[in-house]
Amino acid sequence: MTPDVRVTAVWAAERGRPEFLATGSPSLSWRVETQNAGWLQGSAEVQVQRGGALQEFSWASGASQNVGWFGAELAAYETAAVRVRVRGLDGSESPFSEWAPLLTGPLSADDFSAAFITVDAREHPEAADEPERGTQRFRALVTPRGEVTRAVLSATAHGVYEIVIGGTVVGDQVLAPGWTSYDERLTFQSYDVTALVTELVAAARRRDSHAPFVLGATVAQGWYGEMFGFDGNFSRGYAGPVAFAAQLRLEYADGSTELIVTDEKWSATRVSPVVSASIYQGETYDARLADAAFADSEAELPGAAPAQLLEVDRSRLEPAFSPPVRRIERVAARELITTPSGKTVIDFGQNLVGWLELRGIFPAGHTITLRHAEVLEHGELGVRALRFAGATDRYTGAVGETETATTWSPAFTFHGFRYAEIGNWPGELGLDDITAIVVHSDMVRTGYLSTSNAKLNQLHENVLWGMRGNFLSLPTDCPQRDERLGWTGDIQVFSPTASYLYDVSGFLGSWLRDLRAEQLERGGVVPVVVPDAVGMPPMPAAAWGDAASLVPATLYERFGDNAALAEHYPGMRDWVDVVNSLAGDDHLWTGGFQFGDWLDPSAPPENPAAAKTDSDIVATAYFYRSALSVADAARVLGRSADEHFYRGLAESIRVAFVNEYVTPAGRMLSDAHTAYALALGFGLLQDAPTIRKAGARLAELVRSFGYRIGTGFVGTPLICDALCIGGESDTAFRLLLEEGLPSWLYPIAMGATTIWERWDSMLPDGSINPGEMTSFNHYALGAVADWMHRTIGGIAPAEPGYRVVDIKPILGGGLTRARASLDTGYGTVEVDWMIVHGSFELSVSVPPNTRARVMLPGAGGGSATSPEIEVGSGIHHFTADVSALLAPAAKHPYSLKTSLSEIVADAEAVTALEQLFASQGYFIGLGWTKSGKWKSNSPLGNALIMYRPENLPAVEQLLQRLNAR
């Protein structure tokens, strides 16, 4: 053994998964730490401890991530442990790692035998068209028959549940079982409650009592009973009443087991202190209705009657493997505000998702009202963007003769908010009385980025908070209004960014199972929202439906899990087959409804699909991209016939696209930003001259519109990459750093702390966009962060799962330093670069069992064009002379002959010129940015059409002042 080689972590299945495994044959991963430079694994030994026996396995491979299970499958309710030691190709050997425990509860519907119970099993539940906002409570009394050595509780619900044993809430996850495609897939969760049960039994013995303990649950409607829809037309997404199912498995010292399950012997009631609870409308809690029935076995459960059994499709049941939703962080109140109308509002300084926690003395019958919103509009709570969502919680106190401080927060709803309006607070409200609790799926954080530009750092922080707020059980479009749906297009464009910031393999892997279930119900068509609770007819839509093919491709690229790729491959292929049948023999997907480049900033508020780029171009480009992804997946999976077919199909689509939409001069039929972004970013253009021409034209368009954004959901993730591919990286950085409307940095200038849905969700005058659809927490337009990670941070996967890492930072935007890190599973890749007196100083840390390909900035506008340097694990330092790159370009004095494209690159000059035009009433000049007039072939003097001659000297004087700077 070599002491300086150590296996420091071993885990089964996905990082961040629940405590109990969802499969009896989990993959294994392990991490090695060593100072031995260039260390690579040659083999490994795996020991599995189960049932008192030790099993040993040899692994003659260098792979250490997502390795298939060794030996027989684990059984339901099994406990086991695994440890690993490794041998390096250099002859080094580690000691065995610490034992990593493996736990299973029920592993299938057959293992989960509990019945579903409800207070009121309606005779015709499908007729219900109103939500059940009241909650149901269920209770059983449990008397163990002997010494308990292990206790595992498993549960699920039609709704969301909270379980209590002897007055203590079980587990730390909330809003379980989460939201899945309930008609096809319902997950159950398992909890180790051994400590809770044994303590209750011991306490009873200390009292010389055999009194039972209480097993209870409160169930609210959650997503199951919510009303979904648009424009005020809402209906139940899922039929049937709220229901609950649970089983408690007790293992005794004598080796026997006992199973306590939900059945008609349980008590049930609608009487609860949680008077109502709704995801959209909020929660109402009346502390006067609280009782001791969940803590004291002798207390009565008010209004109790025997629970009723509910017939359900049990084949839907499966154990959860997505990271649980938990309370993640506490955010202190930052400021108390009195609005113009006299309301009291708290500002938490950060747009977040979760709920409020109150602490105070709340008199009996005194009701506090909590309204939530993301922004203030003209000083008041901006609730118009919530549409029909009430987003309001109410708490009624119960303090009687003793005045004791009470702490309360809701448990069956969540809100997206930065501001909270507090109504009817008893006494004087202080900042310490209310805290915001951040809630989201508890994924493992993996990626970081910081730069020398504070505004870019805030942009990245906004992307991070936008992801946190919308990764709650499933990837949603927004967390605050009456929507919060799993829009497929949004996560399709954002999944590369998400896969850097967090380990989302389990989270998105679980969601893709829902997508597949919905897809199978629709003959291969992917619904635009998953789960599809709104009941829209099957509607193939490019970029949205392509989530079926591109999200699995991203997960494979970033996490390298062949088994997961194989699971999702049928859905990838089926989607491309659907589009292939729609496109026909000419391989062009045209006609029919498309979202297209949704929310192009030029689209009017009432018609977000009215983009500059033809939706047929969007559709056919995505058809190509998905066909190529299927071909690549088929190659990995050894499906040679499929690979041959889909690679040939992709090439046929590419040729058809170029023939139909690209001129020999490299111009696109839709001469718009997104058209070029798709053609370049997806690789539809492959010969170097055409790529250069298209890149130059895209850069010209960006400059012509004053470096303002000209892309929507589809073009935004691609445009910076497209500019770099076309040799225009300087333009990409200038676009990224623009602060005018629309741009990535405009919301930051307006105080945003998350990514907005629209580029102008808030207008410069502080009013909310007049469109019906506006959100201030919507991650799609933050997909540019993936480009930032790869280009500024310089970290990209060269092989799936980062077994080989590309380190290729590109300079630009005046940035002088960047730090990036990514926990790849193998270990953390770290990049730290700075520019010192014209020298590029780069430090790279490469984890063991991986390699890196390093390319330093060279000539060509900051592009990485130096020879590639391959290095092994360890810390490496590089330098490069970049003084030529940093030298300012020679500038000619401004005159009336200067092109508008040269002037627009100078923000100070543009501001001064527009201020002069405004003072002179020359409104034509004030429209140059919006109309794209800052062109390279437009001299300033020739552009001044209908300009009063007597005003021309003022322009010349301004130019002289600018030249004198």
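An open sheet of five strands runs in the order β35-β41-β42-β43-β46, with antiparallel pairing. Its edge strands are β35 (447–451) and β46 (874–881), each pairing on one side only. The model is predicted: local features need pLDDT of at least 70, side-chain atom pairs count only at pLDDT 80 or more, and totals for chains, interfaces and linings use all residues. Residues are numbered from 1 along each chain as its sequence is written, and side-chain values use heavy atoms, without hydrogens and water.

**Sheet**
- Strands are DSSP runs (E, at least two residues), as are helices (H or I, at least four), numbered from the N terminus.
- Strands β42 (residues 828–836) and β43 (residues 839–846) pair antiparallel over seven bridges; pairing takes at least two DSSP bridges.
- Trp 833 stands opposite Leu 842 in β43.

**Ser 505**
- Ser 505 is found in helix α4 (residues 505–521).
- Beyond neighbours within four places in sequence, Ser 505 is in contact with Glu 14 and Phe 559 (heavy atoms within 4.5 Å).

**Largest cavity**
- A cavity is a set of points, on a 1 Å grid over the protein atoms alone, where a 1.4 Å probe fits but cannot get out; lining residues have an atom within 4 Å of a point.
- The whole structure holds seven cavities of 30 Å³ or more.
- The largest has a volume of about 210 Å³, the space filled by probe spheres set on the points, which are joined across faces, edges and corners.
- Of its 23 lining residues, the closest to the centre are Pro 177, Gly 178, Ser 322, Pro 323 and Ser 473.
- Helix α4 gives the largest share of this lining, three residues.

Definitions and conventions. 1 Å grid on protein atoms, 1.4 Å probe; cavity = no way out; pocket = protein on both sides within 12 Å on 5 of 7 lines; lining within 4 Å.
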